[in-house]
Structure formats: structure tokens, C-alpha cells
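Biologist: I am new to this structure and would like to learn how to read it. Please give the general idea of each feature before the case at hand.

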Amino acid sequence: MYGLIGKMKAAAGQRDALIAILLDGIDAMPGCLSYVVARDPKDADAIWISEVWDSQDSHRASLALPSVQAAIAKAKPIIAGFEEHHETEPVGGHGLGG
């Protein structure tokens, strides 16, 4: 499995709008075992995204999906930056079938 955990900053006051974009149409990503978007309770503009994929190739392929490309284009203007990005190797857990 392949995992990603990242912290994204929305433009001031745009966190909920960014969350809505990130959560729209996520059910059609082949190989995605888990995709969680969470608010950072200590930062009103920050979002944490945790992903688990069956492989790194599936994650890469997802970036070319029309729905993902559309979400990226829509979100770009309200993304202030990326603060952290970590790759992981998930070994199991609830909902991952491991």
C-alpha cells in the first residue's frame, strides 16, 4: 500500500470552500482505499488530507482523472500553500482490509 499525509493551507476564510471541492467526486478513484479530509482545530485555514492507495501507481493515475483535474483547477485559486507532505507505507488498519 501507499499512503500520503499532507497539510494544506486555504486562502483566508476559504477553508470550507476548499474542503467542499476536495470532497466532491472522490468516490470514483480506482485504487483509493481511504481518503480523509480534516480541519485543523488549531488553524482556521489549515486542512489535513490522509490518503491510502493500493499502490503508488494508482495514486499517480488518479491525478490524470478528469474529475481530479477539474477539482485541482477549481481549488487552485483558493489554495494558499502546502505546509507538509509525507509519504507512508500503510500496513493495515480499520477499513483497509489489512
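Modeller: A salt bridge is a side-chain nitrogen of Lys or Arg within 4 Å of a carboxyl oxygen of Asp or Glu. This is a predicted model, in which local features need pLDDT of at least 70, side-chain atom pairs count only at pLDDT 80 or more, and totals for chains, interfaces and linings use all residues. Residues are numbered from 1 along each chain as its sequence is written, and side-chain values use heavy atoms, leaving out hydrogens and water.

Biologist: How many salt bridges does the rule give?

Modeller: The count comes to five. In one of them, the side chains of Asp-16 and Arg-39 meet at 3.5 Å, N to O. To place them, note that helices (H or I, at least four residues) and strands (E, at least two) are DSSP runs, numbered from the N terminus. Asp-16 is in helix α1 and Arg-39 in strand β2, so this pair links distant parts of the chain, 23 residues apart.

Biologist: Which residue forms a salt bridge with Lys-9?

Modeller: Asp-43 does, with the closest N and O atoms 2.5 Å apart. Because Asp-43 lies in the loop between β2 (32-39) and β3 while Lys-9 is in strand β1, the pair ties together parts that are 34 residues apart in sequence.

Biologist: Are Asp-43 and Lys-9 buried or exposed?

Modeller: Buried means under 20% relative accessible area, exposed over 50%, and partly exposed in between (1.4 Å probe, protein chains only). Both Asp-43 and Lys-9 are buried. Arg-39, by contrast, counts as exposed at 54% relative accessibility.

Biologist: What does a nonpolar core consist of?

Modeller: It is a set of buried Ala, Val, Leu, Ile, Met, Phe, Trp, Tyr and Cys residues joined through side-chain atoms within 4.5 Å. The largest one here has 18 residues, and those touching the most other members are Leu-18, Leu-22, Tyr-35, Val-37, Ile-47 and Ile-49. At least two residues of this core come from each of β1, α1, β2, β3 and α3.

Biologist: Which residues are in contact with Tyr-35?

Modeller: Contact means heavy atoms within 4.5 Å. Setting aside neighbours within four places in sequence, Tyr-35 contacts Leu-22, Leu-23, Ile-26, Met-29, Ile-49, Ser-50 and Glu-51.

Biologist: How much space lies in the largest pocket?

Modeller: On a 1 Å grid over the protein atoms alone, a cavity is a set of points where a 1.4 Å probe fits but cannot get out, whereas a pocket is an open set with protein on both sides within 12 Å along at least five of seven lines; lining residues have an atom within 4 Å of a point. Grid points are joined across faces, edges and corners, and a volume is the space filled by probe spheres set on the points. The largest pocket holds about 680 Å³. It is lined by 30 residues, of which Met-8, Leu-22, Tyr-35, Glu-51 and Leu-63 are the closest to its centre.

Biologist: Which element gives the largest share of the lining of the largest pocket?

Modeller: β1 does, with six residues.
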